[in-house]
Amino acid sequence: MRYLTQPAIILLLLTASCRGYDLRLLQGWDRLEMECCYVQIQEGMDPARVQTAIQWKWPMIQVLQQRFFPSLADFKPLIVVYPDQASYQRSSEHLPSNALAHYDRSRKAIHVSIDAADPVWRHEMSHLYLDELSSKAPFWFQEGLARFLQNYNTQKNSCSEQAMLPEFRVWVEKNPDALALESMELPTSVDFLDPEGTAQKTVLSGVFVYFLWTRGDLTDVMRGLRDNPKSDPLFHITYGERGAMNKLRHEYIEYLENPVFNVAPAGCQ
Ligand SMILES: [Zn+2]
């Protein structure tokens, strides 16, 4: 029972804080409709400047959408844009003070400063697209995919090598034991009051998604989630068979022992 109630409480808290946030958004914000997306901007921001900045970013976002979320071609995301990092932080006091941007599940919108770096945009947009594709995806897949795509170079061909996020590489090299799996149970949630545990679970999730991608498995996972949004991401590689799950786990542990950090995905055409 404890197992069931804990995630529920966390979700309720998030919904409650986001709802308070919604009320404040009703005043002092304008909404623009662009070809790519809906954009909400703080009153007083120059709409032309915002549009130019988003048009400039969009080809990069579109590559992520086309490669990883191809079924969402007609989906128009909602983006809440702040003039700078300081005003984002003032409006996001309910979040950890080092937050750069976030995805707001209750409104299905990303909140980001217009001058945020490209990796920040890629990270939040991948949360948004995945939530649209499969709102039931577990923590390890949501955050792991976002960390993988945060570091994803959209200028390269889809079959080219991609690098693992540098801070994850450090973990794999210095502390691979912290990332090993004793059973095929990947993290389903994190407790932000436990920063160390959160970091470890996040790195494990990100390294595991990178591992799946290098094997060419991520394509099957994304296709499976599109066809069956409530399914477990790993089902589409293992079909829930014990033997296949164990094999995957062993191969992951072998990967940690002989890691690669900058490779092309296997079987890619
Ligand atoms: Zn994230």
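**Close-up 1. Helix α2 bends at tryptophan 58.** In this predicted model, α2 bends by about 40° at tryptophan 58. How far apart are the end C-alpha atoms of helix α2? They are 30 Å apart, and because 22 residues (47–68) at 1.5 Å a residue should span 32 Å, the two values agree.

Close-up 2. Val50, Ile54, Ile61, Gln65 and Phe68 of α2 are buried. An α-helix has 3.6 residues a turn, so residues three or four places apart point the same way.

**Close-up 3. Helix α6 meets helix α7.** At what angle do α6 (residues 166–174) and α7 (residues 195–214) pack? The angle is about 95°, with the axes 10 Å apart. Since roughly perpendicular covers 65 to 115 degrees, α6 is therefore roughly perpendicular to α7. On the α6 side, the contact is made by Phe168, Trp171 and Val172, and on the α7 side by Val203, Gly206 and Val207. These contact residues divide into 5 nonpolar, 1 polar and no charged.

**Stepping back. The whole protein chain.** To place these views, the protein chain has 10 helices and 7 strands. Of its 269 residues, 28% count as buried. Among contacts with a separation of 6 or more, 62% come from residues 24 or more positions apart.

Conventions. Residues are numbered from 1 along each chain as its sequence is written. This is a predicted model: local features need pLDDT of at least 70, side-chain atom pairs count only at pLDDT 80 or more; totals for chains, interfaces and linings use all residues. Helices (H or I, at least four residues) and strands (E, at least two) are DSSP runs, numbered from the N terminus. The expected span of a helix is 1.5 Å times one less than its number of residues. The bend at a residue is the angle between axes fitted to the seven residues ending there and the seven starting there. A residue is buried if 20 or more other C-beta atoms lie within 10 Å of its own, exposed if 12 or fewer, and partly exposed in between; C-beta atoms are placed from the backbone. Two residues are in contact if their C-beta atoms, placed from the backbone, lie within 7 Å. Axes are lines fitted to C-alpha atoms, for helices over the stretch in contact, and angles run from 0 to 180 degrees between N-to-C directions. Angles under 35 degrees count as roughly parallel, over 145 as roughly antiparallel, 65 to 115 as roughly perpendicular and the rest as oblique. Ala, Val, Leu, Ile, Met, Phe, Trp, Tyr, Cys and Pro count as nonpolar, Asp, Glu, Lys and Arg as charged, and the others, Gly among them, as polar.
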